[in-house]
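Hi,

Here is the structure I promised to send over.

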Amino acid sequence: MAGTNGAAPTPFDAPIASQSFSHDDEDVVVIIGSGAGGGTIANELCQQGVRVVVLEAGPHLTGADYVNDEWPAFTQMAWLDNRTTSGSWRVAKDFPNLPAWTVKAVGGTTTHWAGACPRFKDYEFRAKSEYGGGLDGANLLDWPLTRAEMDPYYDKAEIKMGVTHVQGRPPLPANNNYTVFANGADRIGYTQYATGPYATNAEPYDGRPASIQDGFNFQGDKHGAKWSTLITELPRAGKTGNLDLRPECQAVQITHNGGGKADAVLYLDGDGNLQRQRAKVVVIACNAIESARLLLLSASPLHPDGLGNSSGQVGRNYMRHVTGSVYARFDKPVHMYRGETMAGVVADEAPHDADRGFAGGYYFETLALGPPFLAAFAEPGSWGPEFTEIMDAYANTAGLWITGEDMPQETNRITLNGAVTDQHGLPVPNVHFDDHPNDAAMRDHAWAQGEKMYEAVGSTGAHRTTPYPSTHNMGTARMSEKPGDGVVNPHGACHDVPNVYVGDGSVFTTGAAANPTLTIVALAIREAEHIGGEIRAGRL
Amino acid sequence: MATAATPAAAETTAVRALTVMVRAMFPHPSFPDGPYERCAETILGAAGEDVRFRTQLDQGLRDLDVAGGAPFAELDDAKKLEVLRGMSSTEFFEGVRSRVITSLYDDREVWSLLGYEGPSYDQGGYASRGFDDLDWLPAARIEQGS
């Protein structure tokens, strides 16, 4: 069988060519993080002839390293450096040191993301203007960008990622979990269901094979059918001769000169030695918790509250989407774990409709976990017959996930925990989160609708699963027209420090309902185009 | 609990006691003793590397045998649950519970009992092994709705 046991080549077989640029090279762009934002910006800049140093905190794992086994894969890939939590969200009680489930490895969280790729809706770029009042405590702001401005970049991102269902690319076939999900959706009157848009191949595309429906894309996707920066962006960046990829190098401070510009990045290499890489431009793309942490760690006498933080907004407005799951039991088999994990989307609840009692919208997406993770996450803290009932029904269970727009709040924020340090002796990030009443109302609505979908196809029981540790992390360095309202400008450059860019979900002014990766990639393409232009024009 | 004569006997006694406790906490009628015994051994192994948990476990298992008015293993299922509920907020209980979650359900025999097939890539995924074999509902549209 193609792709098994190394019998046929996979996209992982091509090594990533990496140069060794000088630590004192004054012309390099230093990108911190190699995920959806950083990995994409790296390739786009390399293609423009810009030399790039990518600092990636994690190791360079590849297809042969990945394992089809949830706990070992988690231990291998997840960002497990110590973190702390506070606030009323349940994650702070159940998983106090695991606020987020993201990846620490080359390719970042694109190596474990599922692949769902809706675009933001036009009005979601204008949440403050569109959603009206009644949202006390929400720190809403309109994006300084429009959907029309983003559409050309969405097109490019979808082509890059091979998103199904759009631009003529075929849909993935239905797996069992989707068949239950879509029939349920149809029977309660929903019409906007499909197996995508999804960035895993239904047929070979762009050097990547078609999915073999192995069901392990959260564990790295050994087959390479899924788009990731590890198998698409970084190898292509390497081929230009403009890439210097440094795994196991964790940025700890961005330094600046007396003229208000950044001049270098200090990082710890794999041996724990502090290194200094000179930089013409710095791009921060470490996922929203670490990006905010790095800006805060870069505080100095000239930037006492953190680099780029004259607005006081760095770390604030942390968003994680309204999430949750429904796991429903049937009297016949489902085997939800077989096949593409999230190749199923219902979009009927995605539009804003104030009559439902909350602002914004949400998607349903198929989701399957194996017994190890279902046991850990289905009902954290639970035991006894109520719990074993969930597990005993495993083979006959169908699962879905909710992802919807949550309200930005200034008090939901990343701060440095002065009392707890990581393995390097640096303050760990504390993640504080409280649901906004709008978030809770949306989640309750979604749980109820999700149960209705499954009841319509004969479920005998269902369990409402509380939000998992955050996989969508956004808003901690938000984009704003005015410097006082946010951290970066419409091109992703810090209002305060013009040669420091942020290139990940941190820049999201609001979160919209859609999974963030497609929008991160679209923004990254746009940001790289801008940075390249500014360099060529001599302005950076 | 009788005082064991040797360390090996003490361990055997602890495995037995813990096996009964874990089954009572996570009752799966279809599971044989094997997975519960392996889980108990894993938990005792963890206790060997964590002094605090070891001491909590030693005392907790002794308490378990008196809390219900008779040795825990001799109680009926309802009474076992009642005893466990009574101590469910203790460090001992949570120390055991959290470790069961990450060991009992990470057991290959348990996967098989629950109907989970485990690693699939080396078998070519499920593309030709039933990813779409559900036959009790009609095929659903896969294209986007208009």
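**Cavities**

The second largest cavity has 13 lining residues, and those nearest its centre are Glu70(A), Gly215(A), Gln219(A), Ala368(A) and Gly370(A). Before you read on: this is a predicted model, where local features need pLDDT of at least 70 and side-chain atom pairs pLDDT 80 or more, while totals for chains, interfaces and linings use all residues. Residues are numbered from 1 along each chain as its sequence is written, chains are lettered from A and ligands numbered from 1 in the order written, and side-chain values use heavy atoms, with hydrogens and water left out.

That cavity has a volume of about 130 Å³, and its lining splits into 7 nonpolar, 4 polar and 2 charged residues. Overall, the structure holds 5 cavities of 30 Å³ or more. (On a 1 Å grid over the protein atoms alone, a cavity is a set of points where a 1.4 Å probe fits but cannot get out; a pocket is an open set with protein on both sides within 12 Å along at least five of seven lines; lining residues have an atom within 4 Å of a point. Volume is the space filled by probe spheres set on the points, which are joined across faces, edges and corners. Ala, Val, Leu, Ile, Met, Phe, Trp, Tyr, Cys and Pro count as nonpolar, Asp, Glu, Lys and Arg as charged, and the others, Gly among them, as polar.)

**Largest pocket**

The largest pocket holds about 560 Å³ of space. It is lined by 23 residues, with Asp94(A), Phe95(A), Glu94(B), Arg97(B) and Ser98(B) closest to its centre. Which element gives the most to this lining? Helix 5 of chain B does, with 6 residues (helices are DSSP runs of H or I, at least four residues, and strands are runs of E, at least two, numbered from the N terminus). By type, the lining has 12 nonpolar, 4 polar and 7 charged residues.

**Where the chains meet**

On the interface, 47 residues of chain B are in contact with 60 residues of chain A (contact means heavy atoms within 4.5 Å). The two chains bury about 4,600 Å² between them, 62% of it on carbon and sulfur atoms (buried area is the accessible area, 1.4 Å probe, that two parts lose on being put together, summed over both). Tyr121(B), Phe131(B) and Trp136(B) supply 19% of the area chain B buries against chain A, more than any other three residues.

Cheers
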